[in-house]
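Open the model in your viewer and keep the sequence panel beside it. This tour goes from the whole chain down to single residues.

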Amino acid sequence: MKNFSKSFQAFLADEHGATAIEYGLLASLIAVAIIIPVTAVGGQLEAVFKAVTAALTLPA
């Protein structure tokens, strides 16, 4: 029983899983911080390309 108690205390003291979760959360926050501006700029860039295409299109 004493061995089980030591093993359980060692399991509770182990923080490797918590570190992995923290890195995962950090990576997801960085991904969201990148996706939001890229999405906003993408819409504006599409409008610019459409305007350039319309300006370059020659009437038939």
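Start with one residue. Select Ser-28: at 35% relative accessibility it is partly exposed, where buried means under 20% relative accessible area, exposed over 50%, and partly exposed in between (1.4 Å probe, protein chains only). Ser-28 sits in helix 2.

A note on the ground rules. This is a predicted model, in which local features need pLDDT of at least 70 and side-chain atom pairs count only at pLDDT 80 or more, while totals for chains, interfaces and linings use all residues. Residues are numbered from 1 along each chain as its sequence is written, and side-chain values use heavy atoms, with hydrogens and water left out.

**Zoom out**

Show the whole chain as a cartoon. There are two helices and zero strands; helices (H or I, at least four residues) and strands (E, at least two) are DSSP runs, numbered from the N terminus. Along its principal axes the C-alpha trace spans about 90 × 15 × 10 Å.

How does the radius of gyration of the protein compare with that of a compact globule of 60 residues? The protein has 27 Å, whereas the globule would have a value near 10 Å. The radius is taken over C-alpha atoms, and the globule rule is 2.2 Å times the number of residues to the power 0.38.

Now colour by accessibility. Buried residues make up 0% of the 60 residues. The protein exposes about 5600 Å², with 74% of that supplied by carbon and sulfur atoms. Accessible areas come from the Shrake-Rupley method with a 1.4 Å probe; for residues, only the protein chains shown count as cover.

**Helix 1**

Select residues 2–13. This is helix 1, with 12 residues. From first C-alpha to last it reaches 17 Å, close to the expected 16 Å; the expected span is 1.5 Å times one less than the number of residues. The number of buried residues among its 12 is zero, so helix 1 lies largely in the open.

Pick Ala-10, which belongs to helix 1. Its relative accessible area is 47%, so Ala-10 is partly exposed.

Move to residues 16–56, which are helix 2. Which side chains meet in a salt bridge? Those of Glu-46 and Lys-50 do, at 3.4 Å, N to O. The cut-off is a side-chain nitrogen of Lys or Arg within 4 Å of a carboxyl oxygen of Asp or Glu. A search of the whole structure finds one such bridge.

Look at the spacing. Glu-46 and Lys-50 are four residues apart in helix 2, so about one helical turn separates them. Glu-46 is partly exposed at 45%, and Lys-50 is exposed at 53%.

Select Val-41, Leu-45, Val-48, Phe-49, Val-52 and Leu-56. They form a nonpolar surface patch with about 580 Å² of accessible area together. Patches are made of residues with over 30% relative accessible area and no salt bridge: like charges are joined within 9 Å, nonpolar side chains (Val, Leu, Ile, Met, Phe, Trp, Tyr) within 5 Å.

Finish on Val-52, in helix 2. Val-52 is partly exposed, at 41%. Its C-alpha lies 41 Å from that of Gly-24, 28 residues away in sequence.
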